[in-house]
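I am keeping these notes while going through one model, entry by entry.

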Amino acid sequence: MSGGEQKPKRYYVGVDVGTGSVRAALVDQSGVLLAFADHPIEKWEPQFNHHEQSSEDIWAACCVVTKKVVQGIDLNQIRGLGFDATCSLVVLDKEFHPLPVNHEGDSRRNVIMWLDHRAVSQVNRINETKHSVLQYVGGVMSVEMQAPKLLWLKENLRETCWDKAGHFFDLPDFLSWKATGVTARSLCSLVCKWTYSAEKGWDDSFWKMVGLEDFVADNYSKIGNQVLPPGASLGNGLTPEAARDLGLLPGIAVAASLIDAHAGGLGVIGADVRGHGLVCEGQPVTSRLAVICGTSSCHMGISKDPIFVPGVWGPYFSAMVPGFWLNEGGQSVTGKLIDHMVQGHAAFPELQAKATARCQSVYAYLNSHLDLIKKAQPVGFLTVDLHVWPDFHGNRSPLADLTLKGMVTGLTLSQDLDDLAILYLATVQAIALGTRFIKEAMEAAGHSISTLFLCGGLSKNPLFVQMHADITGSNGKNEQSWESCVPETRR
Ligand SMILES: Nc1ncnc2c1ncn2[C@@H]1O[C@H](COP(=O)(O)OP(=O)(O)O)[C@@H](O)[C@H]1O
Ligand SMILES: O=C(CO)[C@H](O)[C@H](O)COP(=O)(O)O
């Protein structure tokens with residue numbers, strides 16, 4: 001090629017399946033974002049603490065957003081495709097058809113979502129075993145992980161689901177299977193949510209002890225006995241059927257997947273910070289805490305050696321950054337809690353009307369309303385008499401106690417817009433205090449964290465970012481809000 005000729009462009013597609021929607025990004029070989037699309041996905045809550053989705057609905061949404069971002073692109077220049085998704089449990093029969101995860105027998109609803117808390121009895125019994133694998137999930141297994149949900153299915157849906165099941169996938173792995181026909185699982189999902197060890201593989205004694213010896217008997221064929229590092233190329237790439245679904249060409253490389261928080265963490269934790277005047281410039285990457293804040297929040301800290309943090313998931317080897325150990329703190333409801341508090345307030349209809357009149361989101365309107373009423377004091381002082389304890393869906397970290405509940409103190413008879421704005425602020429502050437609680441627990445165990453890197457929906461809320469900077473002690477200069485498109489494709 002002569003000096004003057006441009007290198008042919010190479011493109012990559014990343015698909016991010018969150019709780020409420022699927023997002024796709026098209027990036028070039030330098031990681032520059034060229035196109036973005038999102039599409040909502042269905043969610044069912046048939047009873048309290050049961051949260052279900054449809055793997056076929058999620059796949060259809062992946063196809064919609066992928067077709068949108070590649071419009072006008074020469075498909076021959078698309079070199080790779082990657083998926084990340086929430087750690088929800090997908091159930092398929094031996095012919096890969098969906099099976100119901102509910103008593104109604106509705107097989108469209110074949111996904112138990114990550115935030116589902118149905119398996120309380122099961123996770124309590126698993127934790128009572130005090131099995132050694134539990135030390136690698138912070139000492140206490142979360143009801144949001146897969147073993148409790150699998151045990152619930154065996155004990156509650158034996159005939160309609162469990163006996164017919166051929167495959168149990170973590171959602172990220174279901175998507176890479178759907179794209180390639182390869183049933184290999186990602187090290188990321190199995191290590192973080194299934195108790196798999198990168199070094200030793202499956203622990204037969206754990207599955208036998210908790211009553212899931214079925215998996216040992218068939219050599220783990222239903223939950224994965226071929227495991228690949230995230231980003232590894234799967235089989236022969238995209239199948240012709242999946243290529244038709246997605247609007248891509250068959251054969252392009254498809255990466256072993258990542259859990260959504262790990263993809264977000266990978267996308268921000270290695271950011272080039274030169275020229276931003278951040279204290280972490282020149283410090284090791286282990287001084288950074290990636291906070292992926294969407295429906296939930298995930299606090300991703302890495303280390304060269306394993307660090308055992310009571311109540312914080314991990315340490316997980318090579319589950320996010322190859323060669324590093326990962327600890328993952330978390331708050332099960334972040335955006336979901338803020339939405340819950342705001343939408344449940346008596347003044348919400350007035351807020352909606354006023355925000356719409358201004359062509360603003362309700363959060364942009366609330367932020368400006370707080371600036372209006374704060375008068376001379378910093379906005380944080382408005383909540384001097386009102387406080388929120390944010391564990392409305394239990395405490396994921398560092399207390400790791402699913403029985404904890406939420407609390408609001410300082411309520412009065414007022415139910416006007418000012419009252420709503422101050423309750424919203426108190427909720428944002430409570431979440432930031434929760435992040436501080438997790439950061440301090442990680443530091444007490446050996447992490448040394450100087451800078452928080454936020455990404456996800458809440459990183460678009462300047463009040464949320466500022467409260468995190470103020471309350472976690474990292475000043476505004478240290479706080480950097482990074483919008484990580486879909487880092488998956490940056491591999
Ligand atoms: N521009 C924004 N300003 C404030 N909050 C936002 C904004 N965009 C999204 N959010 C909030 O972020 C949450 C969704 O985050 P997102 O990362 O998109 O979701 P997911 O959990 O599906 O990955 C919701 O609670 C939503 O209210
Ligand atoms: O446990 C998880 C990651 O380890 C869940 O996938 C995550 O908490 C859900 O993410 P989001 O709030 O973005 O939907």
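**Entry 1. A strand pair and its sheet**

I began with Val90, which stands opposite Val111 in β8. The model is a predicted one, and I read every value below with that in mind. The strands behind this pair are β7 (residues 89–93) and β8 (residues 111–112), which run antiparallel and are joined by two bridges.

I then asked in what order the strands of this open sheet are arranged. The order is β4-β5-β8-β7-β9, five strands with antiparallel pairing. At the edges stand β4 (44–47) and β9 (165–170); each has a single partner strand, so one side of each is left without a neighbour in the sheet. As a reminder to myself, side chains in a regular strand alternate between the two faces of the sheet.

**Entry 2. The hairpin**

Next I looked at β2 (residues 21–28) and β3 (residues 33–40). These two strands run antiparallel, and seven bridges join them. Ser21 is placed opposite Pro40 in β3. Which residue in the turn of the hairpin has a positive phi? I found Gly31, with phi of about 85°; four residues lie between β2 and β3.

**Entry 3. Ligand 1**

I listed the surroundings of ligand 1 and got 14 residues, with Thr19, Arg23, Thr295, Asp339 and Gly457 as the closest. By class, the shell holds nine polar, three charged and two nonpolar residues.

Arg23 places a polar side-chain atom 2.7 Å from an oxygen of ligand 1. For Asp339, an N or O atom of the side chain is 2.9 Å from an oxygen of ligand 1. Gly20 takes part through a polar backbone atom, at 3.2 Å from a ligand 1 oxygen. On its own, ligand 1 has 570 Å² of accessible area, and the protein covers 73% of this.

Which domains supply the shell around ligand 1? Domain 1 (11–256) and domain 2 (273–490) each give at least three residues.

**Entry 4. Ligand 2**

I repeated the search for ligand 2. It is surrounded by 15 residues, and the closest are Thr19, Lys193, Asp260, Ser296 and Glu328. The shell of ligand 2 divides into six nonpolar, five polar and four charged residues.

I went through its contacts in turn. The side chain of Thr19 has an N or O atom 2.4 Å from an oxygen atom of ligand 2. The side chain of Ser296 has an N or O atom 2.6 Å from an oxygen of ligand 2. Arg396 has a polar side-chain atom 3.1 Å from an oxygen of ligand 2. How much of the area of ligand 2 does the protein bury? The figure is 95% of the 380 Å² that ligand 2 exposes when taken alone.

Helix α9 (residues 260–269) gives the most to this shell, with three residues. Domain 1 (11–256) and domain 2 (273–490) each contribute at least three residues to the shell around ligand 2.

**Entry 5. What the record says**

The annotation "domain: Carbohydrate kinase FGGY C-terminal" covers residues 289–473. There the chain is 38% helix and 19% strand, with the end C-alpha atoms 13 Å apart.

**Entry 6. Backbone exceptions**

Most residues other than glycine have a negative phi, and most peptide bonds are trans. Asn219 is not a glycine, yet it has a positive phi of about 55°. Asn219 sits in the loop between α7 (214–217) and β11 (227–228).

I also recorded two cis peptide bonds. One joins Gly314 and Pro315, with omega of about 10°, and Pro315 belongs to strand β16 (residues 313–317). Another runs from Ser397 to Pro398, with omega near -5°. Pro398 lies in the loop between β18 (387–389) and β19 (407–409).

How values were computed. Residues are numbered from 1 along each chain as its sequence is written. Chains are lettered from A and ligands numbered from 1 in the order in which they are written. This is a predicted model: local features need pLDDT of at least 70, side-chain atom pairs count only at pLDDT 80 or more; totals for chains, interfaces and linings use all residues. Side-chain values use heavy atoms; hydrogens and water are left out. A residue is near a molecule or strand if one of its heavy atoms lies within 4 Å of it. A polar contact is a pair of N or O atoms within 3.5 Å; within protein, one must be able to donate a hydrogen and the other to accept it, and residues adjacent in sequence count only if both atoms are side-chain atoms. Accessible areas come from the Shrake-Rupley method with a 1.4 Å probe; for residues, only the protein chains shown count as cover. Ala, Val, Leu, Ile, Met, Phe, Trp, Tyr, Cys and Pro count as nonpolar, Asp, Glu, Lys and Arg as charged, and the others, Gly among them, as polar. Domain bounds come from an automatic or database domain assignment. Two strands pair if DSSP finds at least two bridges between them. UniProt positions are given in the numbering used here, feature names are shortened, and annotations may be inferred rather than shown by experiment.
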